[in-house]
Amino acid sequence: MTRGGLIARVVATLGGLGGLRRHRENAQAELHQISGPANRKFDAVRSGEVAVRGNERARLAEEVPPPELDETPDPRAELWVALLLIAAAIAFAGFVVFYVVSEDTHLLGLSLGLGLVLAGVAAALAGKRVVIQEKTTDEYTDYGDREERREVANHLVEGKVGVTRRKLLFSSLAAVGAALGAATVVPVASLGPRVGEKVYETPWSAGKKVVDERGEPIALDTLSPGEFITGFPEGASKEEIGSALMIVRLETDELELPADRADSAPGGYVAYSKICTHAGCAVSLFRYPTFDETQPGPALVCPCHYSTFNPADGGKVLFGPAGRPLPQLPLRAGADGSLEAAGGFYEPIGPSYGGIREGPEKAPL
Amino acid sequence: MRRLRVLIPVVLLAASISLMALEASAETAGKGAAASSPSKLSAPGRAPESAGRRLFVQGCSSCHGYDAEGVKGAGPSLVGVGEEAADFYLRTGRMPLDRPGEEPIRTPSPYTPAQIRALVAYVGDLGGPPIPEVNPEDGDLAEGQKLFTENCAGCHQVVGRGGIMPGAVVPDLAAANALDVAEAVKVGPYVMPSFDQLDQSEIDDIAAYVGYIHHPEDKGGWGIGHIGPIPEGMVAWLLAGVALLFTIRLIGERTTR
Amino acid sequence: MIRRTVAALDERLGAAHPLKRALRYVFPDHWTFMLGEIAMYCFVVLVATGIFLTFWYVPSDAKLHYAGSYVPLQGTSMSESFASVMHISFDVPAGLLVRQTHHWAADVFVVAIVLHLVRILLTGAYRKPRELNYWIGVTMLGLAILEGFLGYSLVDDLLSGMGLAIAYSVAMSVPFVGGPLAFLVWNGEYPGTDAFWPRLEILHVFLIPMAIATLLALHLAQIVRQHHTQFPEEGSERVVRGTPAWPGYGLRSLGLFLIVAGVLFLLGGLVQINPIWEWGPYEPYLSTNGAQPDWYVGWLIGALRLMPPLEVVIGDYTVVPNPFWGGALFPAIVFGLLYAWPPLARRLRLDDRREHNLLDRPRDNPKRTAVIIAFLVWVFAIFAAGATDRFYFRSFISYEGQVWFFRAFALLVPFLVYFVTKRVCEELRAREAHPLRGWRGTVIERNEALGFEETSVSTDLPEEARQQLAD
């Protein structure tokens with residue numbers, strides 16, 4: 001079958017949509033069955049000169065080709081198998097040598113992999129050309145024996161014979177089952193603590209100094225507007241998800257914070273939890289336009305699913321799947337001119353769960 | 001039928017070539033138009049005009065203003081941006097832009113190095129930081145990887161293969177040399193922020209790291225793009241998957257009746 | 001010598017009869033039946049290379065400063081887990097080869113299972129009496145995906161660490177039980193405590209491999225008991241026909257095993273995978289652009305990215321946090337449909353209720369094939385959506401625009417695909433033309449003596465017949 005033929009066939013198949021259906025309908029109308037065992041194989045014969053047998057497969061499914069056995073030797077294939085095996089042996093030996101002499105991953109992989117492929121080709125070739133080629137048959141077993149099933153059911157039911165207080169015993173059994181099930185499942189709770197207040201606890205509180213990744217305080221002149229730095233609470237673990245902040249400095253006239261947060265941004269510095277409220281990745285992208293008349297506005301973006309937050313208005317979601325704004329941490333200027341927290345986060349940090357919006361007072365679980 | 005089969009790809013090829021030619025000529029026409037617009041020579045009484053000033057008026061003033069004061073809705077003021085910014089944008093071909101509001105991307109600059117120097121000098125005279133120093137050979141690779149991961153990887157990808165965010169494509173750093181890095185970090189081009197908090201040694205570290213990631217150590221073999229599981233999955237399907245499908249096609253039987 | 005070995009086994013274990021049956025077991029050997037074998041051999045390679053890796057891997061989040069041989073990470077703070085995998089990659093002879101082979105084997109393992117699953121679905125091999133085996137197979141697919149995710153997360157590198165944070169958030173997002181569930185698994189709030197890493201390791205190294213191995217054994221046992229299905233060209237509903245296990249099929253299968261192992265080791269030595277020294281160690285406050293999970297988890301990142309910012313809040317209680325839709329509900333629906341497929345297909349009248357030992361070609365059941373293909377296209381569309389960021393990177397078509405495109409695509413295109421696929425199947429079936437080998441059958445011609453003459457035709461219809469079909 002040439003490629004042109006294949007294309008023609010596919011095109012004909014797709015293109016002959018309407019025509020073929022019509023043709024088949026016409027063919028149906030002209031059919032007449034030919035009876036007699038010799039002709040039962042044929043579905044129909046058109047009254048024209050040439051007929052085309054339909055559904056070859058129904059006929060095929062009834063007849064099974066006979067078993068086959070081909071014992072003709074194939075010395076050429078045997079030679080090939082031997083050569084391939086020798087080549088594989090050389091490759092494996094090469095692997096041993098490379099392992100000892102050099103530790104180059106590529107040479108090791110090449111020699112071992114090649115050896116395996118060569119040995120595999122040898123085995124497959126042997127299976128298809130060297131050893132006898134046989135096709136045999138076996139029977140599909142019908143499973144399902146009504147008699148046996150009945151006997152099984154009878155045997156099972158024998159358990160009930162002579163037992164009088166069945167309902168009582170069964171209910172107490174059910175009670176035991178439930179209780180044992182509970183007893184088995186309950187120790188799963190030992191695997192971890194209850195959620196409790198934990199999600200609301202962060203290392204931040206009023207007066208906590210903000211430091212950078214090296215532990216240096218962040219002064220009011222560290223950043224110019226349009227810059228960001230990652231901040232942490234002084235003395236706390238950097239790995240707690242309540243710790244890391246994205247601190248961004250905006251122009252003071254760019255800020256659009258809600259009224260109750262008016263004092264949270266000294267000098268235009270705003271701080272947000274670095275942990276995305278969608279699925280917990282670090283919100284590490286900061287977009288800040290050079291020329292805001294033609295370029296997109298300031299944004300904090302998470303690289304996992306592109307939740308986009310507005311740092312100017314308290315972390316509201318601009319785009320993306322995050323269901324809660326990025327929690328803001330109020331800042332103030334400390335006595336020595338460096339940044340410190342003015343309180344805890346305005347909202348709970350981190351990804352949502354059932355009680356996340358309930359606040360620490362109501363945390364049930 | 002056969003003729004059609006040959007003709008169609010030829011027509012498509014010709015169409016795409018002419019489209020590309022059209023685009024290219026539009027670009028140069030755009031730049032050329034700016035270049036050939038009547039240039040206002042210096043007003044009477046001023047000092048003789050520098051080459052930089054002439055080039056600026058021809059190629060930049062339509063967006064950045066006749067005296068670099070900016071044009072509303074087109075381009076920002078360049079007063080105070082310094083040689084630092086001008087050198088970065090011009091050397092990397094990010095400026096001139098075809099249209100205001102487009103994202104500036106690295107392209108071959110239409111200016112010669114001498115022209116760029118002249119333009120940079122002109123913009124530098126308007127005030128602002130000079131071209132920065134950078135010494136990547138003094139940089140520490142490990143520090144550089146740490147700083148880059150913390151500050152840059154979110155946008156540029158951890159080995160500088162570039163990325164995206166809503167609103168911008170973040171370039172890969174394959175063509176970025178040490179000076180590009182130092183300038184970009186200080187300028188904060190387009191929507192990239194700048195990083196005043198990084199001192200000289202930290203910038204050297206980052207520049208060293210960016211130099212390294214042009215060809216990171218691929219101890220495992222073919223790097224397949226250094227962007228992780230997407231090309232890895234493609235190899236699993238299109239290399240291993242195809243090879244193994246081919247293998248079982250040969251080993252197994254086909255329906256013959 | 002062979003006789004003596006067999007005699008020894010038989011006299012002690014009565015092995016002769018089972019050996020005879022095993023050696024003469026008949027394998028229908030169409031090439032598409034070998035896809036499951038590829039998966040099985042990948043599993044063998046995974047176990048072998050995995051054992052090597054367990055001897056070196058340390059499941060601990062205790063921090064140290066790297067002092068191994070890779071220069072750009074010298075002195076960097078990292079967990080012991082990460083450091084141990086760095087050690088395997090740079091300082092253990094053949095360590096990187098084994099590690100990369102292990103990871104490639106995991107990727108190819110799921111490729112093979114998916115191809116095998118698609119073959120099973122499209123040929124109707126899951127029908128009675130083989131539903132149980134089908135369910136075991138779907139379970140193994142789910143376990144393989146979970147196992148792979150756990151495996152690459154053990155390394156604690158930047159990419160997989162981000163993935164674990166997302167997994168935590170998905171666990172948290174399960175309505176009502178999410179909070180306690182996540183805290184149970186992680187032993188506390190993310191990033192968990194030092195108890196978390198040994199848990200991950202014991203799941204990946206022991207519990208799930210044992211589960212897969214057990215299910216695999218049951219899967220194979222059931223195939224042997226019920227015999228393999230086959231196409232009608234080879235056998236019938238009563239008789240299975242094929243190559244006996246010894247010597248023909250056994251050698252071919254051995255060959256396939258060696259070739260699979262060879263391909264995996266070639267990849268492991270020549271094509272880099274998961275270069276953790278380039279990603280660096282994970283910290284909760286770090287992330288990178290372009291982070292992706294391994295391909296078989298990619299359908300979930302697509303779903304998470306496509307979902308709009310919907311959270312179901314009643315009063316103050318967040319019943320459904322956002323990651324639930326894409327991270328938990330979507331895979332639950334997909335696997336739910338896969339599990340429900342045998343009875344569902346019967347309910348939808350796509351299948352009958354009879355027993356089947358013979359397979360269909362996909363075109364023989366156009367509606368069923370169309371439903372399956374449409375379902376696969378739906379999942380694939382969401383999978384493709386997970387990789388749109390790199391597409392945006394190349395094409396400059398806005399990310400927001402692509403999200404909307406893929407949302408529309410995933411919702412609308414499966415319906416279109418259903419109709420197109422159904423039509424194609426119906427036409428192919430009506431024409432009885434093999435896509436590559438043409439038409440096969442018999443043409444009956446009336447000869448001059450007014451009798452019938454039958455000629456077998458195997459490549460092309462005779463001219464007149466082709467004319468008639470083209471009308």
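The exercises below, each with a worked solution, concern a predicted model.

**Exercise 1. Describe chain C as a whole: its helices and strands, its box, its buried share and its contacts.**

Solution. Start with the secondary structure: chain C has 17 helices and ten strands. Next, take the extent along the principal axes, where the C-alpha atoms of chain C fill a box of roughly 95 × 70 × 40 Å. Then turn to accessibility: 61% of the 471 residues of chain C count as buried. Last, consider contacts in chain C between residues at least 6 apart in sequence; 71% of these join residues at least 24 apart.

**Exercise 2. Locate Thr76(C), decide whether Thr76(C) is buried or exposed, and list what Thr76(C) touches.**

Solution. Thr76(C) is placed in the loop of chain C between strand S2 (63-65) and strand S3 (77-79). The relative accessible area of Thr76(C) is 10%. The cut-off for buried is under 20%, so Thr76(C) is buried. For the contacts, leave out residues up to four places away in sequence; Thr76(C) then touches Leu64(C), His65(C), Tyr66(C) and Pro281(C), together with Ala142(B).

**Exercise 3. Classify the aromatic pair Tyr168(C) and Tyr190(C), and state where each residue lies and how accessible each one is.**

Solution. Over all chains, the structure holds 40 aromatic pairs. In the pair formed by Tyr168(C) and Tyr190(C), the centres are 5.3 Å apart and the planes are at 45°, a tilted arrangement. This pair links distant parts of the chain, its members being 22 residues apart: Tyr168(C) is in helix H7 (residues 158-172), and Tyr190(C) is in the loop between helix H8 (178-186) and helix H9 (196-226) of chain C. Tyr168(C) has 2% relative accessibility and therefore counts as buried. Tyr190(C), with a relative accessible area of 6%, is buried.

**Exercise 4. For Lys219(B) and Arg407(C), find the ring over which each charged end sits.**

Solution. Lys219(B) has its charged end over the ring of Phe90(C), 5.4 Å from the ring centre. The charged end of Arg407(C) sits over the ring of Trp404(C), at 4.5 Å from its centre.

**Exercise 5. Characterise the contact between chain B and chain A by residues, area, salt bridges and polar contacts.**

Solution. Count the residues first: 39 come from chain B and 36 from chain A. The two chains bury about 3000 Å² between them, and 52% of that area is on carbon and sulfur atoms. Four salt bridges are counted between chain B and chain A. One salt bridge joins Arg214(A) to Glu143(B), whose closest N and O atoms are 2.8 Å apart. There are 15 residue pairs in polar contact between chain B and chain A, both residues being at pLDDT 80 or more. On the side of chain B that touches chain A, the elements giving two or more residues are helix H6 (141-151), helix H7 (153-156), strand S1 (163-165) and helix H10 (229-251) of chain B. H6(B) gives the most to this side, with five residues.

Key: Residues are numbered from 1 along each chain as its sequence is written. Chains are lettered from A and ligands numbered from 1 in the order in which they are written. This is a predicted model: local features need pLDDT of at least 70, side-chain atom pairs count only at pLDDT 80 or more; totals for chains, interfaces and linings use all residues. Side-chain values use heavy atoms; hydrogens and water are left out. Helices (H or I, at least four residues) and strands (E, at least two) are DSSP runs, numbered from the N terminus. Buried means under 20% relative accessible area, exposed over 50%, partly exposed in between (1.4 Å probe, protein chains only). Contact means heavy atoms within 4.5 Å. Rings of Phe, Tyr and Trp (its six-membered ring) pair if their centres lie within 6.5 Å; planes under 30 degrees apart count as stacked, over 60 as edge-to-face and the rest as tilted. A charge sits over a ring if NZ of Lys or CZ of Arg is within 6 Å of the ring centre and within 35 degrees of the ring normal. Buried area is the accessible area (1.4 Å probe) that two parts lose on being put together, summed over both. A salt bridge is a side-chain nitrogen of Lys or Arg within 4 Å of a carboxyl oxygen of Asp or Glu. A polar contact is a pair of N or O atoms within 3.5 Å; within protein, one must be able to donate a hydrogen and the other to accept it, and residues adjacent in sequence count only if both atoms are side-chain atoms.
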